[in-house]
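Subject: Structure handover

Hi,

Here is the structure I promised to pass on.

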Number of protein chains: 2
Amino acid sequence: MSDIVERLIDTFGKSCVLTPEEASTRVASHWKQSGGLNCLALLLPETTEDVSKMLQICHEFHQPVVPHGGLTNVVGAADTHPNEIALSLERMNQVEQIDVVNKTVTVQAGVILQQLQDNVATHGQLFSLDLGAKGSCMIGGNIASNAGGLQALRYGVMRNLVLGLEVVLADGTVVSSLNKLMKNNAGYDLKQLFIGSEGTLGIITRAVLKLEERPKTRNTAFIAVDSFEKANDLLLAAKASLKNGLTSFELLWQDYYQLMTSKPSLFSPPLPQTYPFYVLLESLGYDAEKDKTQFEEFLEHCLITELIDDAAMAQAKKELDWFWGIRENVEFIFSIHRPVFLFDISLAISDMDAYIKTIRSELQSVWPDVHLYVFGHMGDGNLHLFVSCGEDDQPTKHRIEELLYKPLQPIGGSITGEHGIGLEKKPWLYLSRTSEEIALMRTIKKALDPRGILNPGKLLPE
Amino acid sequence: MSDIVERLIDTFGKSCVLTPEEASTRVASHWKQSGGLNCLALLLPETTEDVSKMLQICHEFHQPVVPHGGLTNVVGAADTHPNEIALSLERMNQVEQIDVVNKTVTVQAGVILQQLQDNVATHGQLFSLDLGAKGSCMIGGNIASNAGGLQALRYGVMRNLVLGLEVVLADGTVVSSLNKLMKNNAGYDLKQLFIGSEGTLGIITRAVLKLEERPKTRNTAFIAVDSFEKANDLLLAAKASLKNGLTSFELLWQDYYQLMTSKPSLFSPPLPQTYPFYVLLESLGYDAEKDKTQFEEFLEHCLITELIDDAAMAQAKKELDWFWGIRENVEFIFSIHRPVFLFDISLAISDMDAYIKTIRSELQSVWPDVHLYVFGHMGDGNLHLFVSCGEDDQPTKHRIEELLYKPLQPIGGSITGEHGIGLEKKPWLYLSRTSEEIALMRTIKKALDPRGILNPGKLLPE
């Protein structure tokens with residue numbers, strides 16, 4: 001056993017420090033089909049003080065540490081080398097305080113998103129971050145990766161939902177910045193540094209998050225439109241009519257809709273499969289009668305004015321699950337095609353249609369039988385792309401990445417809207433950020449983690 | 001003439017480098033009754049390249065530089081010592097690009113806020129930051145101080161309106177981070193560092209800002225309520241009824257309302273002066289008929305249910321100016337009382353009423369004839385306090401600060417919601433931020449500005 005692991009076990013006991021053998025029985029990722037966790041040790045702190053002392057020791061030993069949350073990251077940001085120590089926040093899973101008057105909740109970083117949603121719901125509150133991985137992902141990871149998800153159009157991304165943070169720096173210093181105020185200009189807004197830093201600048205142990213009054217009504221429809229322009233006009237019309245009731249505006253390209261509503265999928269199509277674009281639109285509100293009337297009138301008006309071609313409203317829980325299943329059950333793709341490469345890009349709405357047409361044609365010119373499935377958070381300018389070309393090797397993946405990412409540079413798009421950089425997108429960071437920006441990121445990394453022990457090799461290219 | 005000023009004149013010419021004598025004919029602050037600008041030189045760059053070269057030279061000479069915008073800062077963040085060089089962005093005043101489709105505007109830092117508002121309005125767009133100093137303040141300063149203002153309740157503070165920044169670092173490096181995307185997780189979100197950093201980390205030269213479709217309707221009312229609780233219930237009711245139409249919710253304590261609507265003020269009272277609290281409520285929208293009906297019905301319902309005691313709607317431009325004048329024409333206080341000390345604090349809405357009662361009583365116990373005027377952005381948890389006790393010396397000011405700021409610490413309030421720290425609030429920063437937070441601010445300052453030339457002595461306590 002290495003010196004540092006002995007020291008850690010001596011300090012924290014065997015129940016908080018798993019050996020490589022013990023760690024190997026645990027899953028390394030809930031996303032990738034990877035084997036067991038491969039690391040020097042897995043630390044399971046129970047308090048911020050534990051995290052602080054653990055990092056002090058790792059700092060002393062120049063020991064790399066990889067923070068672990070729900071392990072749902074898709075870009076390798078939680079991957080470990082055998083010589084790295086993993087530190088999981090899973091035991092710090094308390095919802096500490098709910099303030100329904102001032103609409104804040106204070107949580108430990110290891111709280112699972114869905115558990116937080118459910119917990120605050122019993123107090124009549126909404127925590128508005130919502131995403132497919134909510135059953136496993138943890139708040140600390142949501143913050144470290146600045147998660148987006150299905151309701152960002154209305155409530156913003158994770159950065160907009162965080163009021164305060166407690167973070168442990170590389171040397172074990174606890175920076176408690178648990179602000180609960182909407183406006184606070186007392187010095188630098190330090191929390192911003194850690195949000196989206198993918199565990200490379202500090203380990204998030206606690207957070208103050210914004211709550212909303214829990215909506216009482218939910219109106220949801222699948223809508224068919226005959227062009228991208230009309231999808232955009234529909235978005236503008238929905239914003240104007242439904243105001244901030246409009247919560248989700250998910251665009252599905254035809255291929256994806258067809259795949260998800262054809263056998264062997266268990267979902268039947270709520271609308272015919274013949275349209276080029278489908279929108280899953282949802283509005284949340286507080287007045288059952290008014291909201292429903294307004295939503296129906298809006299759809300009717302859109303039909304009469306031929307802005308949309310067809311629409312189906314979800315009337316009951318069963319239909320909600322059906323409609324949202326079509327959008328969210330992306331794992332189904334993996335049962336049809338293998339391998340499938342997943343991408344997450346961001347670009348101006350005005351560039352979307354042309355961009356997808358271009359890359360579809362370029363992919364087809366290389367792999368005539370390629371499958372390209374596109375859907376995403378149109379209202380946020382954020383799309384997810386699934387590509388399957390029958391090949392699975394690294395050069396193929398690299399070629400697809402090149403095809404998809406390079407056209408983003410001249411139009412000011414980003415190689416990631418939500419997923420972050422991790423290990424996988426490091427080679428392409430230069431397409432979305434200038435060399436001066438990357439140099440400044442390094443300056444900050446060096447200042448906060450001079451020994452480079454926090455999630456080394458992630459986010460910043462060599 | 002000093003070596004550096006000679007070098008600067010040689011490089012940029014006399015038209016871009018004003019001598020101390022030339023600078024002294026210019027005002028040092030539009031807020032304080034100060035004399036002329038007192039500095040080693042005043043630089044007037046015309047391009048980002050100018051700013052870069054100027055900072056390169058200052059860096060070489062270890063020369064302190066104070067960035068200047070519209071000089072409306074109220075906490076001394078733009079004050080200069082005679083040995084410091086001021087660098088004004090006033091000549092970089094171009095609105096460079098308005099993108100009405102993707103709702104962004106790219107501006108130089110020296111654009112005056114009102115000019116930006118007016119410019120984008122001609123394209124049917126709204127830039128939503130709005131504050132009393134809009135006729136003088138510049139966008140660069142609004143960003144550097146993370147301005148809030150009158151519409152933050154709906155649109156957020158400046159931090160929420162900035163998509164991208166171009167910044168010149170202390171050594172002259174230009175970091176161009178002119179992102180236009182709503183979601184971009186490609187590495188650290190560097191712009192966050194500079195927003196609210198009061199010119200201590202870099203000089204902002206250019207920004208990409210969010211636009212909104214320009215509202216077409218404006219419904220405004222002065223409302224009287226008989227308790228703070230009812231003001232809060234009114235806020236919740238307005239959010240529920242008017243949704244994100246609700247744009248401003250300004251609370252005025254009785255003393256302030258009485259002062260502003262009594263002679264020699266030119267404003268008469270729109271409502272009797274007998275109520276303890278007044279709310280100036282405004283809703284912006286897009287549908288003339290619907291919005292007016294909804295607004296009137298909302299007020300009527302509030303009257304019938306006795307949530308509010310009285311209300312007056314502004315029907316024409318003249319009344320809008322009248323109503324908003326009562327709230328905004330704060331300079332009037334200075335014509336009645338002298339000296340007046342101005343404060344800007346942030347606290348939970350649930351703490352506001354008790355806090356104001358406590359400090360009023362404490363102020364009165366020291367100065368029985370003290371005047372305390374309170375009003376502010378209740379919906380944001382942000383209040384402005386004007387205190388006049390007849391004395392004008394530094395110990396008096398310090399004692400008032402102590403009385404006002406110290407009770408904020410146990411309730412997690414902030415010594416500044418909007419104005420920032422500058423010089424004036426440095427002694428009190430420890431009340432709102434921990435020593436670890438302040439140490440981390442220093443680490444960042446040191447990493448980005450190792451020679452300490454950018455706005456030295458501001459924001460960070462010695």
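Before the first residue, one cut-off: a residue counts as buried when its relative accessible area is under 20%. Keep in mind too that this is a predicted model.

**A threonine in a loop**

Take A:T261, in the loop that runs between α10 (254-260) and β14 (277-285) of chain A. Is A:T261 buried or exposed? Its relative accessible area is 5%, so A:T261 is buried. What does A:T261 touch, once its neighbours within four places in sequence are left aside? The contacts are A:F267, A:S268, A:P269, A:P270, A:Q273 and A:I326.

**Aromatic rings**

Over all chains, the whole structure has 26 aromatic pairs. In one of them, A:Y275 and A:Y278 have ring centres 6.2 Å apart and planes at 75°, which makes the pair edge-to-face. Both of these tyrosines, A:Y275 and A:Y278, are buried. They also belong to one aromatic cluster, together with A:F222, A:Y257, A:W322 and A:F323.

**Salt bridges**

Side chains of opposite charge can pair when their charged atoms come close. How many salt bridges does a search of the whole structure find over all chains? The answer is 52.

One that I'd look up is A:R26 with A:E90, at 2.5 Å from N to O. A:R26 sits in the loop between α2 (20-24) and β2 (41-43) of chain A, while A:E90 sits in the loop between β4 (85-88) and β5 (95-99) of chain A, so the pair ties together parts that are 64 residues apart in sequence.

The side chains of A:R433 and A:E437 meet at 2.6 Å, N to O; A:R433 is buried at 8% relative accessible area, and A:E437 is buried at 4%. A:K445 and A:D449 form a salt bridge at 2.8 Å, N to O. Here A:K445 counts as buried at 13% relative accessibility, and A:D449 does so at 2%.

There is also a network of salt bridges, which links A:E96, A:E166 and A:R206.

**Where the two chains meet**

The size of an interface is often given as the accessible area lost when the parts come together. How much do chain B and chain A bury between them? It is about 5,100 Å², with 58% of that on carbon and sulfur atoms. On the chain B side, B:K183, B:N185 and B:Y188 lose the most area to chain A, together 20% of what that side buries. The contact involves 70 residues from chain B and 70 residues from chain A.

Between chain B and chain A there are eight salt bridges. One of the salt bridges joins B:R159 to A:D189, with the closest N and O atoms 3.4 Å apart.

Which elements give two or more residues to the side of chain B that touches chain A? They are α7 (158-161), β9 (174-177), α8 (191-194), α11 (288-304), α14 (349-366), α16 (429-432) and α17 (435-448) of chain B. Of these, α17(B) gives the most, with nine residues. By type, the residues on this side of chain B divide into 27 nonpolar, 31 polar and twelve charged.

Cheers

Conventions
Residues are numbered from 1 along each chain as its sequence is written. Chains are lettered from A and ligands numbered from 1 in the order in which they are written. This is a predicted model: local features need pLDDT of at least 70, side-chain atom pairs count only at pLDDT 80 or more; totals for chains, interfaces and linings use all residues. Side-chain values use heavy atoms; hydrogens and water are left out. Contact means heavy atoms within 4.5 Å. Buried area is the accessible area (1.4 Å probe) that two parts lose on being put together, summed over both. A salt bridge is a side-chain nitrogen of Lys or Arg within 4 Å of a carboxyl oxygen of Asp or Glu. Helices (H or I, at least four residues) and strands (E, at least two) are DSSP runs, numbered from the N terminus. Ala, Val, Leu, Ile, Met, Phe, Trp, Tyr, Cys and Pro count as nonpolar, Asp, Glu, Lys and Arg as charged, and the others, Gly among them, as polar. Buried means under 20% relative accessible area, exposed over 50%, partly exposed in between (1.4 Å probe, protein chains only). Rings of Phe, Tyr and Trp (its six-membered ring) pair if their centres lie within 6.5 Å; planes under 30 degrees apart count as stacked, over 60 as edge-to-face and the rest as tilted.
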